[in-house]
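This report looks at a few local features in turn, beginning with a single side chain and moving on to a helix and the aromatic rings.

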Amino acid sequence: MTSLTEPLILDLPKNFFLALGFFMISWTLGHLAIGRWLKGGASKTEAALFKTLAGFALQCLALWFLGRFGLCGRTFLRFLYLSLTVALSPVWIKLLRSTLATTKPLLGKLSRFDTALAAIAGLGLIFQLLASHAPALNEDDLSYHLYLPKAYLEMGAITPPPFQHRHVFYHQIINMSYLPVMAVSGETAAKMLNFFWAIMLALLAYCLARRAGLARRVCLIGALSLYASPIVVALSTQAN
């Protein structure tokens with residue numbers, strides 16, 4: 001497992017962008033799969049969340065099938081995701097430019113209250129980022145959430161691990177998402193995925209509150225409160 005003496009701070013940017021890249025691939029796959037059905041009925045934030053969730057499900061299924069056919073070794077997954085990154089980078093650059101063009105005019109219209117909320121959110125994100133990048137110490141993480149995907153990588157296939165574990169079926173479903181980032185980096189990169197899941201949860205809460213007709217500021221406060229809640233903070237720093 002990850003050593004406590006590993007230069008975690010130096011690895012943080014690499015692991016951050018690895019996890020971000022996984023979510024960007026999820027968004028792109030979701031956009032291709034369900035994008036045509038989201039036009040008009042959902043806000044841009046809702047559409048982005050739906051696309052990301054759909055793409056995440058597709059990736060997990062694809063990784064499961066690859067693993068069942070013995071194609072989830074480190075070398076193969078590194079080549080596969082490097083190829084995807086190169087192929088999809090023009091789409092991401094276009095998305096980044098569009099997002100900057102949309103948000104830049106809004107920055108000059110922020111009130112003091114909005115600026116204070118943004119500052120609080122920024123501090124929370126920094127804290128969560130550092131906490132998510134700490135070495136795995138949780139018993140569940142060490143015994144199966146991270147160990148079993150790592151075992152599949154070492155074996156190059158989804159086959160029975162060296163020991164029989166009562167939770168072995170977990171990692172043939174959702175935790176397949178840890179395989180690509182662990183193939184390139186390690187356990188801390190896999191834990192970083194939950195940093196982004198916490199942000200996704202807060203955005204989903206914001207969208208639900210807006211759907212309920214609440215004011216934008218109330219929705220923002222609610223989303224930040226959920227993001228800062230003890231249960232979300234605790235789970236987003238683990239690989240559960």
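## Leucine 88

Is Leu 88 buried or exposed? In this predicted model, Leu 88 is buried, because its relative accessible area is 13%, under the 20% cut-off. Leu 88 belongs to helix 3, which spans residues 74–107, and, leaving aside residues up to four places away in sequence, it touches Ile 25 and Thr 28. The C-alpha atoms of Leu 88 and Thr 28 are separated by 7.8 Å, although the two residues stand 60 residues apart along the chain.

## Helix 2

Helix 2 comprises 25 residues, 44–68, and reaches 36 Å from its first C-alpha to its last, close to the 36 Å expected at 1.5 Å a residue. Its buried residues include Glu 46, Lys 51, Phe 56, Cys 60 and Leu 63. Just after helix 2, Gly 70 adopts a positive phi of about 75°.

## Aromatic rings

The structure holds ten aromatic pairs. In one of them, Phe 16 and Phe 17 have ring centres 5.2 Å apart and planes at 85°, so the pair is edge-to-face; Phe 17 counts as exposed, at 56% relative accessibility. The rings of Phe 23 and Trp 197 are likewise edge-to-face, with centres 5.1 Å apart and planes at 70°. Because Phe 23 lies in helix 1 and Trp 197 in helix 8, this pair ties together parts that are 174 residues apart in sequence. Phe 23 is buried at 8% relative accessibility, whereas Trp 197 is partly exposed at 22%.

Ring pairs link a cluster whose members include Phe 22, Phe 56, Phe 195 and Phe 196. As for a charge and a ring, the charged end of Arg 36 sits over the ring of Trp 37, 5.5 Å from its centre.

Key. Residues are numbered from 1 along each chain as its sequence is written. This is a predicted model: local features need pLDDT of at least 70, side-chain atom pairs count only at pLDDT 80 or more; totals for chains, interfaces and linings use all residues. Side-chain values use heavy atoms; hydrogens and water are left out. Helices (H or I, at least four residues) and strands (E, at least two) are DSSP runs, numbered from the N terminus. Buried means under 20% relative accessible area, exposed over 50%, partly exposed in between (1.4 Å probe, protein chains only). Contact means heavy atoms within 4.5 Å. The expected span of a helix is 1.5 Å times one less than its number of residues. Rings of Phe, Tyr and Trp (its six-membered ring) pair if their centres lie within 6.5 Å; planes under 30 degrees apart count as stacked, over 60 as edge-to-face and the rest as tilted. A charge sits over a ring if NZ of Lys or CZ of Arg is within 6 Å of the ring centre and within 35 degrees of the ring normal.
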